[in-house]
Amino acid sequence: MVRKIAILTSGGDAPGMNAALRACVRAGLYAGKEMYVIYDGFRGLVEGQIKQVNKDFTQDIINRGGTIIRSARLPEFKEPEVIQKAVSILNDFDIDALIGIGGDGTFRGLNDLANHGIKVAGIPATIDNDVGSTDTTLGFSTALNTICDCIDKLKDTSGSHQRCSLIEVMGRHCGDLAMNAALAEGAEGVICVEHPLKPDVLFKRLRHMKAQNKSHAIIIVSENLLDINELAKTISEQTGFEARTEVLGRLQRGGSPTAHDRILAARFGAKAVDLLINEEVNQVVGVRNNQIITTPINEAVNMKHEHTHGLRDLIDRLE
Ligand code: F6P
């Protein structure tokens, strides 16, 4: 029987991690379980940074960005001796089950622990929305709203100077933030893996806009694809638009989670605890068509995220 449950957050922080932590702690306490937190992700686990918590620990965190138990990236958390160390620590602390809140790297770490006999559950949280076993990850909604806030402000100055603004957004190798931001902002162009845009097509479009005396242009570019400063230079040379670049960077990871992320966090957290209590172990939670679903973690780690169906066509029809 599961009596003691520990929770960690790992990988890039995402708004909604605190809300998920709160939901896990409270659902566990409600069911009469002892709840623990692990600071600094898998690194803190290996170092034994484990503390028992009560309900007060989760007071006033539902609306806070970041993660109060901190996060870390630990690439070594695949080496057998590191995994073994983590297993020994969990056994020393008598922890029966572990909930990991994070992205696909977190799920891989949890899966390795599951392969060593630890009971685990995973909650998807990353602004990138690149987890295959769910339609939506915690943090994506908030990051998208942050991007839109920034672009709304940028439009004021971009329009005042009749410039072309190139905005680089995060997503690692996933274009969900870029494509959704483009749709929400009515951008003149979006460049990402799922929606590659040929430079000559873009330049032709911008030249046409310039000829029609359009006030400005917004182009959204996913990170890790191209050098936006180089692209801006070519746009300035070839289209008549004066181009400027903005890299939104880690601003996109901060801020108070949206109501959507908070509510999803509550649903994910409660479900993850239910799974462990009911001995349906080694699963990750997710959402499909607004229903909470579960997927065996060994399958989840091999699933590729499908971007929202039809989004690309919609962008093409409306831009
Ligand atoms: O996974 C979240 C994310 O913000 C990605 O979008 C980005 O590529 C990466 O993390 C940056 O990581 P770090 O803050 O560790 O440099």
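Me: What makes a stretch of residues a strand here, and where does Val 190 lie?
Reply: Strands are DSSP runs of E with at least two residues, and helices are runs of H or I with at least four, both numbered from the N terminus. Val 190 lies in strand 7. This is a predicted model, where local features need pLDDT of at least 70, side-chain atom pairs count only at pLDDT 80 or more, and totals for chains, interfaces and linings use all residues. Residues are numbered from 1 along each chain as its sequence is written, and side-chain values use heavy atoms, leaving out hydrogens and water.

Me: Why is Val 190 called buried?
Reply: Buried means under 20% relative accessible area, exposed over 50%, and partly exposed in between (1.4 Å probe, protein chains only). Val 190 has 0%, so Val 190 counts as buried.

Me: What does Val 190 touch, not counting residues up to four places away in sequence?
Reply: Contact means heavy atoms within 4.5 Å. By that rule Val 190 touches Ala 178, Met 179, Ala 182, His 195, Leu 197, Ile 220, Ile 315 and Glu 319. The C-alpha atoms of Val 190 and Ile 315 are separated by 8.5 Å, although these residues are 125 apart along the chain.

Me: And Val 193: why is this residue called exposed?
Reply: Its relative accessible area is 52%, which is over 50%, so Val 193 is exposed. Val 193 lies in the loop between strand 7 (189-191) and helix 7 (199-211).

Me: How do you know that strand 1 and strand 2 pair?
Reply: Two strands pair if DSSP finds at least two bridges between them. Strand 1 (residues 4-9) and strand 2 have four bridges, in the parallel sense, so they pair. Ile 5 has Met 35 in strand 2 as its bridge partner.
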